[in-house]
Amino acid sequence: MSALKIKKGASSHSAYDLRSTFGDEIERHTLAVMVENEPGVLARVIGLFSGRGYNIESLTVAEVDHEGHRSRITIVTSGTPQVITQIKAQLGRIVSVNEVHDLTVEGPSVERELGLLKVAGKGEARVEALRLADIFRASVVDSTLESFVFEITGTPEKIDAFADLMRPLGLIEIARTGVAALARGAN
Amino acid sequence: MAHGPVADLVISPCAPEQDRGLFCINGANELKDDRMTRQMTGAKMVVQALKDQGVDTVFGYPGGAVLPIYDEIFQQNDIHHVLVRHEQAAVHAAEGYARSTGRPGVALVTSGPGATNAVTGLTDALMDSIPIVVLTGQVPTFMIGADAFQEADTVGITRPCTKHNWLVKETDKLSSTLHEAFHVATSGRPGPVLIDIPKDVQFATGTYTEKKQLKSRYQPKVKGDLDAITDLVKAMEKAKRPIFYTGGGVINSGAASSQLLREIVDATGFPITSTLMGLGAYPASGKSWIGMLGMHGLYEANMAMHDCDLMICIGARFDDRITGRVDAFSPKSKKAHIDIDASSINKVIRVDIPILGDVGHVLEDMLKIWKSRGRVTDREATAKWWKQIDEWKAVKCLTYRNSDKVIKPQYALERLEALTKGKDRYICTEVGQHQMWAAQYLSFDDPNRWMTSGGLGTMGYGFPASIGVQMAYPDALVINVAGEASWLMNMQEMGTAIQYRLPVKQFILNNERLGMVRQWQQLLHGERYSHSWSEALPDFVKLAEAFGGKGIRCADPKDLDDAIMEMLAYDGPVIFDCLVEKHENCFPMIPSGKPHNEMLLGDASTEGAIQAGGAVMV
């Protein structure tokens, strides 16, 4: 048929090489991105991830320096080492990004997330929910005769675990902030 | 066109009847005071900032949301405005201007459709790292979000296709944003920027910030790490089969970088190949030149890339048209990569010696270190390497079967090359087979002489780009090598060429096909020529005449030289309709998914394939 004798279904049937070149294992990294707090900056960061097909597992953003108009974006992402390096380099070249830190490789760090969980129930389930909340050091921030809203802070895994326990006890709604993270130590 | 130095302050930028306000009262001496502030409308700020940035030419198209700026343009003579016929062409023309001069190109378009039409040009400039500044009008601030007439979310739409963009909501911030925009477009890895200016911001009066007051936080690192550069020099000293693989980054880095490249290539005697984007950085007539590499690159260049033991990548980015099959790309080599953009390094190919920095700065240090260490190379081994390369060269991969009945596209370009060589020549191209043939058969001895859409592959790029180049160099010979299909995508620009008396030569290799699409369909899609030909092409000679230009048609190889000479002699825009062989394929070719050493050469003749059933369809 053609000069190339290409097998049916071969990737060379395309104008691009369709084989994936990344065979490495997927890693999870937490990135802290310091940005100018100007309109559209979050869209630039999110657009980078969606446009280039990177994953976002969690994203939090808030202004941390009101006078300097600087915000801190904490992103939890996953990918092969090559992809993670790309993500950092791509973030770094956004004009309104000042610094990019990979907290996963730059030494020990603390990660915290806040969750609000609404649990509705009566009788023993309600008591059990309160008891477990005590164990998890969750506090009650709203209460009616038939419901609690718990506030819990910790690693995402801790909040996952708490939510799993609350589910059979009447968990009806959950809101989570996403991860905020800082490097440990004086620097 | 005057490119003279532009004063930091223009004493009387406004027409006499307009408010001369502060700076006329204060007098020239006080104008030099940094604390001095000038009040002016946003529209006037645009013109003032362009002047202060040394802009002499703007490509644009007016509309409701930019009328105040057009009013200011009307009242001055320093900035030449070129009225294009479509906003896409304004951006490509700005690109052509930028690529040929090394200075940022400027385009001015209106809101809504004006801005959306600019998107292709912006993306093109982003992919090829071309510094351009695009100014768009926007509906007044108080109407943004109301789905107003000709409103579009311009900064939202163009966020992924600009290096950076701004929506300016206060007149006081407009001039500083304009200066910042030029800084961002031209610093680091160059690229397109866009400023969206609502109409009320153009009308309102604010304080003008002088260019010299700008202190940008955006300061990309230009100096390379000296340890890494030393590692590279050590590798060069030991290399037995080295190769320089250079790209558009060398040209973007400035004329001095091309000079440094020439110096280091000639001093080491290492062979050099280049991407499509980098042609001209090292002269094609230079002794170390082994031709363009990549999908339609030369056999010797691709074989040398595959078999080298040291690859020195300078300002190129391992594009998929270059690497072919990634896991079989140059398997035996140590790889160094010099790039100003960290995200280009290790993106596609893992390199052993990454050097982050500006090509010019790094080459300067590299040359210094190499010289200080005694100018060592393994002469014996590289001589052997050259012998191998000469054997590959002997394959003569660009050989084609000529004809005395029909013009072969390769022959047309060979004749164009022969008849224009030595002239002050700039070449633009559209995208497709003709583009690859132009890269193969024309030769470039200087940077900034070759304007082609590399990364995005934008059909319709070449004609408006040639207008941009001709505006920058009114007396030069500017030729756009085109295919008829690409050319038709921006044919309306004949009006611009005529209006501004730009003698751009449109050299159309007319095969009545979408040649590259047809080639792929023939080779890879069972000769099913799905929509790759056009049945209703215009009469290009009459078309040229209808616009007021000159049309030349040539179908016989015997007439070709005379016809080309006629084109060159005509002082005005010419459409040259060169009727060429319809089924010629572009070789050599690395089929996708194949490594560099599995190239198809021209002998994989297409003639047998054409005789098959598919020929009936075309």
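Strand β5 (residues 132-138) of chain B is joined to strand β7 (residues 192-198) of chain B by seven bridges, and the two strands run parallel. Here helices (H or I, at least four residues) and strands (E, at least two) are DSSP runs, numbered from the N terminus, and two strands pair if DSSP finds at least two bridges between them. The model is a predicted one, in which local features need pLDDT of at least 70 and side-chain atom pairs count only at pLDDT 80 or more, whereas totals for chains, interfaces and linings use all residues. Residues are numbered from 1 along each chain as its sequence is written, and chains are lettered from A and ligands numbered from 1 in the order in which they are written.

A residue is taken as buried if 20 or more other C-beta atoms lie within 10 Å of its own, as exposed if 12 or fewer do, and as partly exposed in between, with C-beta atoms placed from the backbone. Seven of the seven residues of β5(B) are buried, so this strand is largely enclosed by the rest of the structure. Burial extends to both faces of β5(B), with B:I132, B:V134, B:T136 and B:Q138 on one side and B:V133, B:L135 and B:G137 on the other.

Another sheet of chain B is open and consists of six strands in the order β16-β15-β17-β18-β20-β19, with parallel pairing. Its edges are formed by β16 (450-451) and β19 (550-554), each of which has a single partner strand, so one side of each is left without a neighbour in the sheet. Five bridges pair β19(B) with strand β20 (residues 574-579) of chain B in the parallel sense, and among the paired residues B:C554 has B:C578 of β20(B) as its bridge partner. Helix α17 (residues 409-420) of chain B lies across β15 (425-429), β17 (477-483), β18 (505-510) and β20, running at about 155° to β18(B).

Two packed helices are described by the angle between their axes and the distance between the axes. Axes are lines fitted to C-alpha atoms, for helices over the stretch in contact, and angles run from 0 to 180 degrees between N-to-C directions. Angles under 35 degrees count as roughly parallel, over 145 as roughly antiparallel, 65 to 115 as roughly perpendicular and the rest as oblique. In chain B, helix α4 (residues 87-101) and helix α19 (residues 462-472) have axes that come within 6 Å and cross at roughly 50°; α4(B) and α19(B) are therefore oblique to each other. The crossing of these two helices is right-handed, a term used if the near helix is turned clockwise from the far one by less than a right angle, left-handed being the anticlockwise case. Residues are in contact if their C-beta atoms, placed from the backbone, lie within 7 Å; among the residues that meet are B:A89, B:H92 and B:Y97 in α4(B) and B:P464, B:I467 and B:M471 in α19(B).

Helix α2 (residues 42-52) and helix α8 (residues 174-186) of chain B pack at an angle of about 30°, with their axes 9 Å apart, and are therefore roughly parallel to each other. The contact is made by B:G42, B:M45, B:V46 and B:A49 of α2(B) and by B:L174, B:S175, B:L178 and B:H179 of α8(B).

B:F318, in the loop between β12 (310-314) and α14 (320-323), is not a glycine but has a positive phi, near 50°, and counts as buried with 24 C-beta neighbours inside 10 Å. B:N448 lies in the loop between α18 (433-441) and β16; its phi is positive, at about 65°, although it is not a glycine, and with 22 C-beta neighbours inside 10 Å it counts as buried. A cis peptide bond, with omega about 0°, joins B:F587 and B:P588, and B:P588 is placed in the loop between β20 and α25 (607-611) of chain B.

Chain A has four helices and nine strands, of which 20% of the 187 residues in the chain count as buried. The mean pLDDT of chain A, pLDDT being the predictor's confidence in each residue from 0 to 100, is 90, and 88% of its residues reach 70 or more. Over residues 8-12 of chain A the pLDDT is below 50, and this stretch has nine contacts in the model beyond near neighbours in sequence. Where pLDDT is low, the predicted coordinates should not be read in detail.

Conventions
Contact = placed C-beta atoms within 7 Å.
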